[in-house]
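Hello,

Please find the structure below, followed by notes on what was found in it.

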Amino acid sequence: MTAAPLKKYRSIANRSLQNVMAYRNSYIINVLANSINLVAIFFLWQGIYGGRGVVGGYSWDQMKTYLLVTFLANSVLSWYSETAISGKILDGSVAMDLLKPVDFQTARFAETLGASLLEGAMSTVLLILFATFLTGVTFPHSLIVYLLFAVSLLCAVVVKFGVVYLAALLCFWSTGSLGIVWTRIALTNLLSGALVPLAFFPDWLEKLALLLPFQAIIHTPTMIFLQQADTGESLRLIGLQLLWGAALWIGGKAMWNWAVRQVTIHGG
């Protein structure tokens, strides 16, 4: 990709960030809601442990760290891309994007990254605040672990975008997005490890989850941060994330090409 097209997508990302800043009250409410959810889940797990040393192979200190890392990974790329893409399809404004000299999928990814910059920054600040008031949270002492975690988190953004994008494109064949969004969220939260670590699953369900792309969103970054994977295994997991990211991107391309040829857009 040459400098000129890259400049277009940078401009789209900047505009997306400015839009989030313009509607900052809505964004702040969303962040507060996620924070309240984190606190509720924390107390739920505190009750589950109830003085036990280890549950499902995780100590209470490890679980506290797991919850914080999950909060960070799940906060990045949350509501913005889902509502923006499905909204364009349902109101018919996607027809205007067909006339623009930009790739629809890449433009939506640029928008997502622009919004994710603020989401990621705010989530990191909140994570540090939570960690400050919690005792026993374990942090890696190796710079390599932090670097691998950062790369894995970026890969997780690509994978989650791929899942969200494919789900949003289903709106070409529906008159609403609510059911699609709820189903996508339920599957992603369950099979990524956002609700509970995959190690807590029955053996057959854990094996199934590890075969699907969802685990690359939460399970892989948390495995790396908790140092449950050494450097070699971490690199293998990141490679798997990249493969899933590429596969979902190609799948999104194919689905988009099929949709715009065969589906009449409602509205617009």
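**Notes on the structure**

Cys155 has a relative accessibility of 8% and therefore counts as buried (buried is under 20% relative accessible area, exposed over 50%, partly exposed in between, with a 1.4 Å probe and protein chains only). Cys171 is also buried, at a relative accessible area of 2%. The whole structure contains 0 disulfides, a disulfide being a pair of cysteine sulfur atoms within 2.5 Å.

This is a predicted model, in which local features need pLDDT of at least 70 and side-chain atom pairs count only at pLDDT 80 or more, while totals for chains, interfaces and linings use all residues. Residues are numbered from 1 along each chain as its sequence is written, and side-chain values use heavy atoms, with hydrogens and water left out.

Helix H3 (residues 60-75) packs against helix H6 (residues 104-133) at an angle of about 165°, and their axes are 9 Å apart. Axes are lines fitted to C-alpha atoms, for helices over the stretch in contact, and angles run from 0 to 180 degrees between N-to-C directions. Helices are DSSP runs (H or I) of at least four residues, numbered from the N terminus. On the H3 side the contact includes Phe71, and on the H6 side it includes Leu126 and Phe130.

Ser35 lies in helix H2 (residues 24-49). With 9% relative accessibility, Ser35 is buried. Beyond its neighbours within four places in sequence, Ser35 contacts Phe71, Leu126 and Phe130 (contact means heavy atoms within 4.5 Å).

Regards

Conventions. Helices (H or I, at least four residues) and strands (E, at least two) are DSSP runs, numbered from the N terminus.
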